[in-house]
Amino acid sequence: MIPEAPPVLNGDRVYRIHWVLGTDRLRAVCHCSAEREFEDPVELWEWLLGHPAGHVPAPAPVPPRELAAV
Amino acid sequence: MSAIPRNQWYVAAYGREISHELFSRTLCDEPILFWRTEAGSVTATSDRCVHRRFPLSQAPSRLVGDQVVCGYHGFTYGADGKCVAVPGQTRVPRTARLTSYPVVEQDSFVWVWIGDPALADASRIPRVPYLDAAGWTTVSGREPLAARFSLLVDNLLDLSHETYLHGGYIGTPEVANTPITTEVDDEAGVIYVSRHMDDAECPPFYSRSTGLEGRIARWQDIEYTPPCLYKLHSRIAPVGSVPNPDGTDPDAFHVEVVYAITPETENSTHDFWAVARDFALEDAEVSAFLAENNRTVVLQDVEALDVLEKIIATEPEGYQELSINIDTGGLAARRMLARMAGARDEATTR
């Protein structure tokens, strides 16, 4: 699980980039909810700004009932 | 192509700098004349007489009541920039008018709109009420920077440099070693960079001013609204202390560090800095300490960036910089500034 700082900006088109704790990776989250990890911030921005190319929305969270079954 | 975004508000001065005297400052390559009218409002016009360009801020040019008289041939202008008298003739040419700039005095700053006056919307000026509000004490200053403004933006968007350039003042090892979260809202024009250090060494800048010793929680939240205004919300608290759910934060010390980054020319910048605090409000010693230390820190940046400017100005085109994780916010700022500067070219070539 990647710890995530609470969001501050609340616009409809906010890009978020989390430095993944304990690693050298950056996790980019697009306003469309697509996300991907990078090691290079330049490549990261190219991907974010390329929206919607290659942006697949993140899967919906697993419901708690299914979690309990695992 | 100019790197300076037009059609933007920029800080021109502190309100305290402008009195009923002629005052000149170059902003975004434009020499601008400021003075306060007898009624107390600030005027901003071109600092060049329309006749033969003599600077209206230059003696023997002078202010007579609410009119400026050019020291070369006596062209006389009102507060709105309109020429009201020329020498030796009664007819004043209709086009004899100084370019006039929209001005707003707010939060201790004098803001000027650089661009098409018809587009100036004062509600777009970012606010920093604590610089001029009850419950806060502020120290502030301005340093000349012989470097392009984007170098200062780069510098301020990545505070990991504090550990190295400002060790012994505001830098401690944790600043460079704590991961950050970056948020970018393109539509609102805001870049937000958070670095929350929950157990960090207290640098002298804060131990001497707050009295906290040993380990602290140190939060740095940068809020940059390009091109001009940069805010660093700094929270210093005992380790383990967090704000209450209702937003109150009684155990913490709050320091609001503000920079106004105003291009003077393509290669020089006005570096306005202010430090506001919500503690030790009446303590002159704390004020003197914060003022002296922040100025020292600013001058450390100025020295480094002046060197960088000389290198960049003389190197061949095409130097390939390397960016790493700490540069995420700075890269976002560069992109937003480039878009703002480019928008100007689009508008003028249409």
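Me: In what order do the three strands of the open sheet in chain B run?

Reply: Strands are DSSP runs of E, at least two residues, numbered from the N terminus. Two strands pair if DSSP finds at least two bridges between them. In this predicted model, the order is β1-β10-β9 of chain B, with antiparallel pairing. Direction ignored, neighbouring strands here are turned by 30 degrees against each other on average; axes are lines fitted to C-alpha atoms.

Me: How many bridges join β9(B) and β10 of chain B?

Reply: Four, in the antiparallel sense; β10 covers residues 109–114 of chain B. Glu105(B), for one, has Val110(B) in β10(B) as its bridge partner.

Me: What share of chain B is buried?

Reply: A buried residue has 20 or more other C-beta atoms, placed from the backbone, within 10 Å of its own C-beta. By that count, 41% of the 350 residues of chain B are buried.

Me: Which radius of gyration does chain B have?

Reply: The radius is taken over C-alpha atoms; the globule rule is 2.2 Å times the number of residues to the power 0.38. For 350 residues a compact globule would come near 20 Å, and the 22 Å of chain B agrees. Its C-alpha atoms fill a box of roughly 75 × 50 × 35 Å along the principal axes.

Me: What should I know about numbering and confidence?

Reply: Residues count from 1 along each chain as its sequence is written, while chains are lettered from A and ligands numbered from 1 in written order. Local features need pLDDT of at least 70, side-chain atom pairs count only at pLDDT 80 or more, and totals for chains, interfaces and linings use all residues.

Technical notes: Buried ≥ 20, exposed ≤ 12 C-beta atoms within 10 Å, placed from the backbone. Axes fitted to C-alpha atoms, helices over the stretch in contact; angles between N-to-C directions.
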